[in-house]
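The sequence and the structure come first.

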Amino acid sequence: MNATADPHRIAELIRQEHRELKSMVGQLHSVCPCAQSRRDCSACETPKAAGCEQAVARILEEVFVFMVDHFRKEEMAMRQHRLDLLDRPACEGHREAHAEITEHARHLIADLSPQSVLSNVHDLAGLLDGWIGDHVADHDHRLLGLLGVEHHEPGAVARASAN
Ligand SMILES: [Fe+2]
């Protein structure tokens, strides 16, 4: 039996991968801890500043590979459990949201540049924030509901209700 055939197994897998996603956000903030307070890198005294572009590029590449695989698993679960028969608009909206996030990430990869590392960091943080926040609390929460699995991801739900 593959990982998406059992609703409880796919739910656990999705939750586990959401935790991994949060650790990628941590990696991003460790590359550039002052990103929140600076508009550009000119005042940065960190000796490793020259290596920041490569570090951000590496995280972005890692996020992209992870994202494509994660969305593929969720969409495979939708097909396998025939969730379109239960709620086609929700499933279509979810797939469209995946396509939009993936497209956004493609643009970030294309825009990577040594001249705009900090803005690349801001953009990637925004993308991850939207994915971990609204997407998980809305689309993924509904997916797990359609699978008949009770969803417990308090951080995401609390965050969405605070918006
Ligand atoms: Fe999703």
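The sections below describe a predicted model, starting with a pair of helices and going on to the nonpolar cores.

## Packing of H1 and H2

Two packed helices are described by the angle between their axes and the distance between the axes. Helix H1 covers residues 7-31, and its angle to H2 is about 165°, with the two axes 11 Å apart. Angles over 145 degrees count as roughly antiparallel, so H1 is roughly antiparallel to H2. The crossing of these two helices is left-handed.

On the H1 side, the contact includes Ile10, Leu13, Ile14 and Val31. On the H2 side, the residues include Val56, Ile59, Val63 and His70. Sorted by class, the contact between H1 and H2 has 12 nonpolar, two polar and four charged residues.

## The largest nonpolar core

In soluble globular proteins, nonpolar side chains tend to be buried together. The largest nonpolar core in this model has 17 residues. Val56, Ile59, Leu60, Val63, Val121 and Leu124 have the most contacts inside this core. Helix H2 (52-80) and helix H4 (117-146) each supply at least two of its residues. H4 gives the most, with eight residues.

Which residues does Val56 touch, leaving aside its neighbours within four places in sequence? Val56 is in contact with Val31, Val117, Asn120, Val121 and Leu124.

## A second core

A second, separate core has 10 residues. Among them are Leu143, Leu144, Leu146 and Leu147.

Technical notes. Residues are numbered from 1 along each chain as its sequence is written. This is a predicted model: local features need pLDDT of at least 70, side-chain atom pairs count only at pLDDT 80 or more; totals for chains, interfaces and linings use all residues. A nonpolar core is a set of buried Ala, Val, Leu, Ile, Met, Phe, Trp, Tyr and Cys residues joined through C-beta atoms within 7 Å. A residue is buried if 20 or more other C-beta atoms lie within 10 Å of its own, exposed if 12 or fewer, and partly exposed in between; C-beta atoms are placed from the backbone. Helices (H or I, at least four residues) and strands (E, at least two) are DSSP runs, numbered from the N terminus. Two residues are in contact if their C-beta atoms, placed from the backbone, lie within 7 Å. Axes are lines fitted to C-alpha atoms, for helices over the stretch in contact, and angles run from 0 to 180 degrees between N-to-C directions. Angles under 35 degrees count as roughly parallel, over 145 as roughly antiparallel, 65 to 115 as roughly perpendicular and the rest as oblique. A crossing is left-handed if the near helix is turned anticlockwise from the far one by less than a right angle, and right-handed if clockwise. Ala, Val, Leu, Ile, Met, Phe, Trp, Tyr, Cys and Pro count as nonpolar, Asp, Glu, Lys and Arg as charged, and the others, Gly among them, as polar.
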